[in-house]
Amino acid sequence: MKKIEVLAPAGTMEALKAAVLNGADAIYCGGSNFGARAFAGNFNHDEMNEAVDYCHLYGVKLYVTMNTLLYEDEIDMALQEAEFYYSIGIDALIIQDLGLFDLIHQQYPDIELHCSTQMHIHNVEGVKQMRDSGAARVVLARETPIELIEQCCNQGVDIEVFVYGALCVSYSGQCLISSVMANRSGNRGACAQYCRMQYELWNQTRDEQIQTEGNYLLSPKDLNIINEIPRLLDAGVTSLKIEGRMKRPEYVALVVRTFRDAVDAYSNNQQYKCLPERLNELKLLFNRGFTNGHIFRDNGKNFMSALRPNHMGLPLGKVIYADRNSFQIKLEMPLHQHDGLRILDDKEDLGFIANKIIKDGKYVNRAEKGDIVTFEDSRFVMKGAQVLKTTDVELMDSLLNKMPYRRIKITMNYHIEIGKPFRLEVSDGIYTSVMESQLTIQVPQKAPVEESRLLEQLEKLTDTPYEMVKGIGNYIPFFLPIKEINETRRRCIEDLSNKRMQKPMRRKFNYKNHEFIPTETKTIVEVNSLEQAQVVSEWNVFMCSSKQDVRKAFTNCIPKTPAINEASLYPNETCVISDIGGLSSPNKLLATNNFNVTNSYALSYLYSKGVKMIELSTECNERQIKLCIDAFKKRLGVEPSTLIFSYGKRDLMISKSCPVNTWCSDGNKRNCRLCKTNRYILKDMKGFEYLFMGDDNCIQYLLEPTAFERDIIDPSCAFIRFTDESSNDVQEIMKSNGFSKK
């Protein structure tokens, strides 16, 4: 049975050490580049070297995230970065980009590669494809249900699942809203968090706004499945991943300790349930409300945090009095000086630090549940307002100052022989270190070194990560300066540590180009309705659709598999595929922009899997497209078979969470006919309108407000997408772009 792994985040060295000392089995962190968290602390080369040594000293693995998409002119730099990580002995790289994955797998074969959740693997066929491509582990999409997780765990590759922390409302790797609306790509670590912004839901058919409980309609709660760990581990999950590379060390420490306790209980066949006291501590560190997520079908309002997009802490009490200069709160829990508080208000919340607490007319540093406390503040506060405690200073101090949770158990075996050096052997069960004293052992002239004193000196390990659990030897009365015994112990421990931190010997190979047979390209037009299909069928282009009614009515319409395909249903006939699982289909005409192809190596990888044409990522601009195609031609001597997204509304989000069902259905009971009978949109605070469209499996696609258009230089290399256009619109667009009729 494989060891169950508690995998912790680290954005700083302090957070990394907190994770290690509180029981993490592995850490994931990012370097200065390509780490999908551009605003985290991240690690430069010196810090990464220190991080590797620190983790390996404690027997903890270190994984480095290189999970951004790479443009062609970034490949060389990314490979240099990967080679550095390879050389310092990190245990795995977490990767999104298919081209980088293939490059590193070929050139640096002695390192594990983990498929990032950004790779959008959410079904059994996707797991199989990456297993066969050399992946040691797949990080499944956060939306994957428990039954499907169990199937994925039976495919001969490690499965990693998120168990705690922030959730994305869109499938990772399939969210373009930040890129399109703010030029900040989530696929490149610069997400602007549009899901945490305010929106209104409108029934556009009736031109009426839907009343909702709050306006943060795309903002999920935080995932916390601590009490479901046995179900995940029974399913065969190898690694339990905690989100939070931008969180404080105290957060990392407590969350890791909590999941360590749960995993240890499972391993010892004991029941575990997170106690209310611990749950409240977790909430005080950060929470938007907790959910069991799509893993355990916690959908609808149970999934969303529509009232606030930020940390909610715990309820502290209510404002019972307020005037121009002060306000009073009746406490529902203890309050300490320097705790962080927030008073909720419909217009603007008021945050402050409890620096001066007044109770019964006197300044105090603590108040208890039931007390009435006064704060002198001239800002407006409404009587009856809810007050939250967002930081507990005593909890934070206790997490920082608590004794280390983790020690490395060692045995010490000593040998005493008069006239010979003192010999000490130290072992951690894997590595062994042997050292001899510089001075020889003497016959004691007066008081010998007692055995109890000897063991006392050997046990002096408080400034090391070690703990002696056994000390044995052939004790006879002897004399040796205590200083010499201590120095021998120190050198032995230092040698053991060096062995634990030793860098592995690794090989390097050259990249070999995959064979490529070019396919003549032809424009592909995606349609979404029978009316659109009727028009497009008259033109000399390939037509595809994911809609069953369209494909049934037009037999020449190529099936396009949906971006979300949990059942791994792929046709044997010629098809357009939208996820990695689709590589299992025998007749892959096109891989869509859902594959996020941004460089020539990703093109090569997909061609090697039998894909005939590839649509480049819609995040590529003209310069990046040219660099990619030119690099491919230079390396293989032939132009790649690519299509360019030239017209249509791009998917800004692809989501299992449907605002229409959440706010228009009865409780959490889904009514999937709502969006079939009416047209619904989201409006943001700037007035942009986003149309929601559901596919045949009730997955929601949030579309950009207006269609994207790019000049079609070569009509044989375009991908055109129609979503809500009328048949007249379709006719005009086909005509204006110079396509020929049949």
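Reader: Is E566 buried, partly exposed or exposed?

Author: In this predicted model, E566 has a relative accessibility of 24%, so E566 counts as partly exposed.

Reader: And which side chain does E566 meet in a salt bridge?

Author: The side chain of K656 meets that of E566, with 2.7 Å from N to O. K656 lies in the loop between β34 (651–655) and α18 (659–664), while E566 lies in the loop between β29 (558–559) and β30 (575–577). The pair therefore ties together parts that are 90 residues apart in sequence.

Reader: What about K656, buried or exposed?

Author: K656 counts as buried, because its relative accessibility is 18% and the cut-off for buried is under 20%.

Reader: How many salt bridges does a search of the whole structure find?

Author: The search finds 48 salt bridges. One of them joins K503 to D53, where the closest N and O atoms are 2.9 Å apart.

Reader: Where do K503 and D53 sit in the chain?

Author: K503 is in the loop between α13 (482–500) and β27 (524–526), and D53 belongs to helix α2 (residues 45–57). The pair links distant parts of the chain, 450 residues apart. K503 is partly exposed at 30% relative accessibility, and D53 is partly exposed at 25%.

Reader: Now helix α13: how far apart are E487 and R490 there?

Author: E487 and R490 are three residues apart in helix α13, so about one helical turn separates them. Their side chains meet in a salt bridge, 2.7 Å from N to O. The relative accessible area is 29% for E487, which is partly exposed, and 39% for R490, which is also partly exposed.

Reader: Why can such side chains pair at all?

Author: Side chains of opposite charge can pair when their charged atoms come close.

Reader: Which residues are linked in a network of salt bridges?

Author: A network of salt bridges links K3, D25, R260 and D264.

Reader: Changing topic, how many residues has the largest nonpolar core?

Author: The largest nonpolar core has 189 residues, and those with the most contacts inside it are L16, I27, L93, M130 and L232. Helix α9 (residues 249–267) supplies the largest share of this core, nine residues.

Reader: What does L16 touch?

Author: Leaving aside residues up to four places away in sequence, L16 touches A10, I27, F43, A51, Y54, C55 and L62.

Reader: And which residues does the second core include?

Author: The second core is separate and has 20 residues, including V527, M543, C557 and A718.

Definitions and conventions. Residues numbered from 1 in each chain as written. Predicted model: local features only at pLDDT ≥ 70, side-chain atom pairs only at ≥ 80, totals over all residues. Heavy atoms only, no water. Salt bridge = Lys/Arg side-chain N within 4 Å of Asp/Glu carboxyl O. Helix = DSSP H or I, 4+ residues; strand = E, 2+ residues; numbered from the N terminus. Buried < 20%, exposed > 50% of the residue type's maximum accessible area, 1.4 Å probe, protein only. Core = buried A, V, L, I, M, F, W, Y, C linked by side-chain atoms within 4.5 Å. Contact = heavy atoms within 4.5 Å.
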